[in-house]
Amino acid sequence: MSAGNVLIVCGKSEVAGSIENTLIKEGYHPVNCAHSANEARRQFFFAQPDLIIVSTPLPDEQGIDLVFDAHEKTSAGIIVIARPEQVSHMQDALESTGAMILPKPINRLTLIQSARFALSVRNSMYQLRSERDQLKKRMDERKIIEQAKWLLVEKVNMSEPEAFRHIQKKAMDLRLPQLQVAEEIIKDYT
C-alpha cells in the first residue's frame with residue numbers, strides 16, 4: 001500500500017527513525033521527517049502529505065497548534081501520539097480536527113492499523129468533499145439558467161416552459177453548454 005506522502009513530526013530522531021522504518025516496511029512511500037513544528041509547516045508548502053504523524057511534545061511547541069495548521073492547510077489524515085497524561089487534553093483540544101490521538105508508547109501493530117484507518121477516513125472525506133463541490137457547482141449553474149429563464153419570461157414575455165426550451169434549443173443549435181447560453185442572456189438583458 002502506498003500512502004503517497006507521509007510526514008512524521010517528532011523532536012526525537014531515534015523515535016522518528018523507528019516510525020519511519022515501520023512505515024517503509026509496510027510499503028508507505030515516501031516518508032519524510034520533520035523535527036520541529038516550524039519545519040513541518042515549511043514541508044506543507046513543498047508536498048501535500050496524505051498522512052501526518054505528530055509525536056508530542058515538539059521542541060518548539062506542544063503540537064496542538066501544528067495539528068490545527070495541518071488540518072487547515074492540508075487534507076491529510078492526522079495521528080497524534082501523546083503522553084498518556086496528555087491524551088484526554090489533546091482529545092478535547094483537537095476534537096474538531098478529526099485527528100486520532102494515541103497514547104505513548106505505541107506499538108508497531110497499533111501504528112500500522114491507525115495509519116490505515118487515518119488514510120481510509122482521509123480518502124472518504126476527500127471523496128465527500130469532491131461530491132459536495134460537484135453538487136454545489138451544478139446548483140450554481142442551475143441558478144444561472146433559472147435567472148436567464150426568468151429574464152426571458154419578464155423581458156420577452158415568454159412562458160416559463162418556452163423560456164427554458166429557448167435556452168435548451170439555442171444551446172443545442174450553437175453546440176454550447178446551457179450555462180454559457182444563459183450567461184449570454186443575462187448579459188444581454190441586464
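Reader: What makes the pair of arginine 41 and aspartate 69 a polar contact?

Author: The distance does. This is a predicted model. In it, the side chain of arginine 41 and the side chain of aspartate 69 come to 2.5 Å. The cut-off for N or O atoms is 3.5 Å, so the pair qualifies as a polar contact.

Reader: Where is arginine 41 found, and which residues does arginine 41 touch?

Author: Arginine 41 is found in helix 2, residues 37-46. Leaving out residues up to four places away in sequence, arginine 41 touches Glu61, Asp65, Leu66 and Asp69.

Reader: Why is arginine 41 called buried?

Author: The relative accessible area of arginine 41 is 17%. Buried means under 20%, so arginine 41 counts as buried.

Reader: How do you know whether threonine 97 is buried or exposed?

Author: By the same test. Threonine 97 has a relative accessible area of 8%. That value is under 20%, so threonine 97 is buried. Threonine 97 lies in the loop between helix 4 (87-94) and strand 5 (100-103).

Reader: What does the side chain of threonine 97 reach, and which residues does threonine 97 touch?

Author: The side chain of threonine 97 reaches the backbone nitrogen of alanine 99 at 3.2 Å. With residues up to four places away in sequence not counted, threonine 97 touches Val67, Phe68 and His71.

Reader: Now the sheet. What is the order of its strands?

Author: The order is 2-1-3-4-5, in an open sheet of five strands with parallel pairing.

Reader: Why do strand 2 and strand 5 stand at the edges?

Author: Each has a single partner strand, so one side of strand 2 (31-34) and one side of strand 5 are left without a neighbour in the sheet. Neighbouring strands of this sheet are turned by 20 degrees against each other on average, direction ignored.

Reader: How do you know that strand 1 and strand 2 pair?

Author: Count the bridges. Strand 1 (residues 6-10) and strand 2 share four bridges in the parallel sense. Pairing needs at least two bridges, so strand 1 and strand 2 pair. Valine 6 has valine 31 as its bridge partner in strand 2.

Reader: How many bridges join strand 1 to strand 3, and how many join strand 3 to strand 4?

Author: Five bridges join strand 1 to strand 3, and the two run parallel. Five bridges also join strand 3 to strand 4, again parallel. Isoleucine 53 of strand 3 stands opposite isoleucine 8. Isoleucine 53 also stands opposite isoleucine 79 in strand 4. Leucine 51 stands opposite glycine 77 in strand 4.

Reader: What makes strand 3 largely enclosed?

Author: Five of the five residues of strand 3 are buried, so strand 3 is largely enclosed by the rest of the structure. Side chains in a regular strand alternate between the two faces of the sheet, so each face can be checked. On one side of strand 3, Leu51, Ile53 and Ser55 are buried, and on the other Ile52 and Val54 are buried.

Reader: Why is strand 4 called mostly covered?

Author: Six of its six residues are buried. Gly77, Ile79 and Ile81 are buried on one side of strand 4, and Ile78, Val80 and Ala82 on the other. Helix 3 (residues 64-73) lies across strand 1, strand 3 (51-55) and strand 4 (77-82). Helix 3 runs at about 170 degrees to strand 4.

Reader: How do you know that cysteine 10 is in no disulfide?

Author: The nearest cysteine sulfur, that of cysteine 33, is 8.1 Å away. A disulfide requires sulfur atoms within 2.5 Å, so cysteine 10 is in no disulfide. Cysteine 10 is buried, at 2% relative accessibility. The count comes to zero disulfides.

Reader: Why is asparagine 157 called exposed?

Author: Asparagine 157 has 67% relative accessibility. Exposed means over 50%, so asparagine 157 counts as exposed. Asparagine 157 sits in the loop between helix 5 (108-156) and helix 6 (160-174). Its phi is near 60 degrees, a positive value in a residue other than glycine.

Reader: What about arginine 175, buried or exposed?

Author: At 78% relative accessibility, arginine 175 is over 50%, so arginine 175 is exposed. Arginine 175 lies in the loop between helix 6 and helix 7 (178-189). Phi of arginine 175 is near 55 degrees, a positive value.

Note on methods:
Residues numbered from 1 in each chain as written. Predicted model: local features only at pLDDT ≥ 70, side-chain atom pairs only at ≥ 80, totals over all residues. Heavy atoms only, no water. Buried < 20%, exposed > 50% of the residue type's maximum accessible area, 1.4 Å probe, protein only. Polar contact = N/O pair within 3.5 Å; in protein donor to acceptor, adjacent residues only side chain to side chain. Contact = heavy atoms within 4.5 Å. Axes fitted to C-alpha atoms, helices over the stretch in contact; angles between N-to-C directions.
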